[in-house]
Amino acid sequence: MLSRTPKTMEAAVLQFPTHIRYQENLDKLIELIGIHHDKQIIVASEVCLTAYDYEHLETAAMFSVNALKTLKKEINEQILVLTLILKEGEEFVNQAVVIHRHRVVHRQNKVKLFKLGDEDLYFQAGREKKIKPFEIDGVKYALLICFELRFKELWKRVEGADIVIVPARWGKLRKQHLEILSRALAVMNQCYLLLSNSADSDMARSSAIIAPNGDAVTDDSREAIAGTVDFREIKKMRRYIVMD
């Protein structure tokens, strides 16, 4: 039986700082999930549980495995998206996970590693072919992780998605770039974009729920930004401006 796309979906994008103690970050994430129990999708920022703790990657990966087990127990009908530092074989990866009904329904390793932040020295890059739309309950989603937002060839790979999800850890010096690129992608692909960025002191914040026309719900002062994804707006935009 085919799933029908709903008319609307309530969403929350999180925007909280990452502390040194991993457990404190997991507790905050679970607290915010509880506060936003009425939201159908929640997006957390890139590596929000551990940050890029290069000196303790093994510990971060072990913690992330256990945190994932905890989060799978927490998440039933909601959808939760976040990225984790995990280990595949002997290599560390920055992996986006999508949790729904107590299981991981999508995994995607970060493909474009940010050399300015030394990510390429510590992580194995994912495969570009893994960046493609995936479906949950009749809705098409796609994922880009932070720096990947800058690559126009990856915009092509997420075409057709109703919602593009961007977990990020984007620095405040390039805040304007993040805001321009995220809005442009929503307009170009005529979709909603859910952006969750870190609230660390050196991060841009700018978390937002962006509509296909570029309008954004955003508030740098909040730990979470809530809004509505209206699938009728996607249909209206795609019918009004046909991209042939």
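## Ground rules

The model is predicted, with local features needing pLDDT of at least 70 and side-chain atom pairs counting only at pLDDT 80 or more, while totals for chains, interfaces and linings use all residues. Residues are numbered from 1 along each chain as its sequence is written, and side-chain values use heavy atoms, leaving out hydrogens and water.

## Helix 5

Let's start with helix 5, residues 175–188 (helices, H or I of at least four residues, and strands, E of at least two, are DSSP runs numbered from the N terminus). Its 14 residues reach 20 Å from first C-alpha to last, close to the 20 Å expected at 1.5 Å a residue (1.5 Å times one less than the number of residues).

L178, L181, S182, L185 and A186 are the buried residues of helix 5 (buried is under 20% relative accessible area, exposed over 50%, partly exposed in between, with a 1.4 Å probe and protein chains only). They lie on the same side of helix 5 because they cover an arc of only 130° around the axis, taken from the directions from the axis to the C-beta atoms. Their cover includes helix 4, strand 8, strand 9 and strand 10. After helix 5 comes Q190, with a positive phi near 50°.

## E46

E46 sits in the loop between strand 2 and helix 2. With 0% relative accessibility, E46 counts as buried. Residues it touches include Y52, K110 and R169 (contact means heavy atoms within 4.5 Å). The E46 side chain also makes a polar contact with that of N94, at 2.8 Å (a pair of N or O atoms within 3.5 Å; within protein, one must be able to donate a hydrogen and the other to accept it, and residues adjacent in sequence count only if both atoms are side-chain atoms).

## Y122

Y122, in helix 3, is partly exposed at 34% relative accessibility.

How values were computed:
Lists of a residue's contacts leave out its neighbours within four places in sequence.
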